[in-house]
Amino acid sequence: MRTAYSVETVRNAERELMARLPEGALMQRAAAGLAAACAQVLGRVAGRVYGSRVVLLVGSGDNGGDALYAGARLARRGAGVTAVLLAPDRAHGGGLAALRRAGGRTMSGESAPADVARADLVLDGIVGIGGKGGLREAAVPLADAAARSRAAVVAVDLPSGVDADTGEVRGAVVRADLTVTFGAHKPGLLIDPAREYAGAVRLVDIGLALPAEAAEAEALQHADVALLLPVPGAESDKYRRGVVGVAAGSARYPGAAVLAVAGALRGGAGAVRYVGPAGDAVIARFPETLVSDEGPKRAGRVQAWVVGPGAGDDASTVAEVLAAEVPVLIDADGLRLADPEAVRSRTAPTLMTPHAGEAAALLGVSREEVEGARLSSARELAARYGAAVLLKGSTTVVASPDGGPVRVNATGTSWLATAGSGDVLSGLAGSLLATGLPALDAGSTAAYLHGLAGRLAARGAPAGAHDVAKAIPAAWRDVRGD
Ligand SMILES: NC(=O)C1=CN([C@@H]2O[C@H](COP(=O)(O)OP(=O)(O)OC[C@H]3O[C@@H](n4cnc5c(N)ncnc54)[C@H](O)[C@@H]3O)[C@@H](O)[C@H]2O)[C@@H](O)CC1
Ligand SMILES: [K+]
């Protein structure tokens, strides 16, 4: 699990640890890890550390201090290190002295862009967890110069200017190739749009003790998903493995039903029951589906429902499903048709799976606002509806109604932005719900498999939603290491 903590939690842990350590020890740990990472990067881009050109962008806080101490270490190994001081009279005193002792030089911001352009490596120590709200004006030309330069850009703790706690980007920020972060991941390193500016992320352990229950966000890895995936035992039959009901599709959109069933058949449930007007299309493609045209209430037992994909204006089916006392996944048209009060008053778990546009409509804000603030949007929807919310997009975020860390999915690919891909995801997640996984686990596991399946199906070329569904078993095997 990749776990991210809020700035407040990180600061508290730092304070506790610092009280037990000699002054400056924590910063030295950070600088040592940072310098080692930079040396590796220099090995790649310049062949070696000795004789390479390094420019430090140094703000007035401890983030700049980390950069200065790391720069001193690189200078001692023979790199030519220049520190650009954004506020020369407020730069970290100890770091500055260390750099000068090691033979590094300093300059002010105005003449820096030329040096940045010639550098092999630019170390971004403008601002870390102490900043808010995009880069200040004086720092913007330096961020631009770094972006134009052929140098590798390594961000200290965070790409300067991004919001550490939310992943929001308001104004100019540094774009890094690598971010070396200290003590713990910050939510902004896992969540877009900030994540995109971080490049690859490396965590340096500085000894912080962070309680798991205080996490703000977490990203499942292969091993976590492997533990969550349901595996049928010797005693299992199709009913014990769970039956998932799919109430989807309409005369106008039969394809949504076919794709949701395609996902559901690969999600671990023992059987898929389809209810709706697209039964013929579903059976033609997937003869193993149990088809009923009697409506959800009389369709027979299921352990979870998926409702909404391609539903058109069929509000009564949505209402019928919401009245069922089993977990329900609501997607697409179902999100628009569901009565909020009926969702809130449900006692069994509910999982809502909007994309940014659907979430925006539910929240009464613009799509851009949701895309810029994915974490708070998902949390807000979850709280309003008393439901788990899986917000689809470049980084899919799954929030629980009762708080706790959000799950962030990192397996997605832009190839998944294709018609019908969401229908496959809802079938898959519904199927996992039917096997008994809690909503947060079902949603995040489905997002993980779906993203992986998307990559496997696409491999650098466009793939249709049905290709993604077909690749789910391969994703499953990949996760389990079979
Ligand atoms: N506290 C600790 O124990 C440790 C802190 N470390 C480093 O210390 C950093 C936090 O240091 P600070 O609390 O001093 O804060 P920062 O250095 O992150 O930022 C504060 C400084 O940045 C300026 N600033 C704020 N917003 C800005 C903006 N939008 N654009 C440009 N400049 C802005 C402020 O004037 C202030 O001087 C961490 O990110 C990490 O790099 C590490 O050394 C590990 C140990
Ligand atoms: K930084």
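**Helix packing, sheet order and domains**

Biologist: How do helix 17 and helix 18 sit relative to each other?

Modeller: Helix 17 and helix 18 are oblique to each other. Angles under 35 degrees count as roughly parallel, over 145 as roughly antiparallel, 65 to 115 as roughly perpendicular and the rest as oblique. This is a predicted model: local features need pLDDT of at least 70, side-chain atom pairs count only at pLDDT 80 or more, and totals for chains, interfaces and linings use all residues. Residues are numbered from 1 along each chain as its sequence is written, and chains are lettered from A and ligands numbered from 1 in the order in which they are written.

Biologist: At what angle do the axes of helix 17 and helix 18 cross?

Modeller: Roughly 135°, with the axes coming within 8 Å. Helix 17 covers residues 421–434 and helix 18 covers 439–458. Axes are lines fitted to C-alpha atoms, for helices over the stretch in contact, and angles run from 0 to 180 degrees between N-to-C directions. Helices (H or I, at least four residues) and strands (E, at least two) are DSSP runs, numbered from the N terminus.

Biologist: Which residues of helix 17 and helix 18 make the contact?

Modeller: V424, L425, L428, A429, L432 and L433 come from helix 17. Helix 18 brings A439, A442, G443, T445, A446, L449 and H450. Contact needs C-beta atoms, placed from the backbone, within 7 Å. Ala, Val, Leu, Ile, Met, Phe, Trp, Tyr, Cys and Pro count as nonpolar, Asp, Glu, Lys and Arg as charged, and the others, Gly among them, as polar.

Biologist: And helix 18 with helix 19, at what angle do they cross?

Modeller: Roughly 110°, with axes within 7 Å. Helix 19 is residues 465–480. The pair is therefore roughly perpendicular. In helix 18, L449, H450 and L452 are among the residues that meet helix 19. Among their counterparts in helix 19 are D467, K470 and W476. The contact divides into 12 nonpolar, 2 polar and 3 charged residues.

Biologist: What about helix 17 and helix 19, how do they cross?

Modeller: At roughly 30°, axes within 8 Å. That makes helix 17 roughly parallel to helix 19. S421, D423, V424 and L428 of helix 17 meet A465, V468, A469 and I472 of helix 19. Here 6 are nonpolar, 1 is polar and 1 is charged.

Biologist: New topic. What is the strand order in the open sheet of 11 strands?

Modeller: 1-9-18-17-16-15-14-13-10-11-12, with mixed pairing. Strand 1 (2–4) and strand 12 (290–292) are at the edges with a single partner strand each, so one side of each lacks a neighbour in the sheet. Two strands pair if DSSP finds at least two bridges between them.

Biologist: In what sense do strand 10 and strand 13 pair?

Modeller: Parallel, over 4 bridges. V246 has V306 in strand 13 as its bridge partner. Helix 9 (residues 254–264) lies across strand 10, strand 11 and strand 13, at about 165° to strand 10.

Biologist: Last one. What does the domain assignment give?

Modeller: Domain 1 (2–216) and domain 2 (222–480), with bounds from an automatic or database domain assignment. Their centres, over C-alpha atoms, are 40 Å apart.

Note on methods
Two residues are in contact if their C-beta atoms, placed from the backbone, lie within 7 Å.
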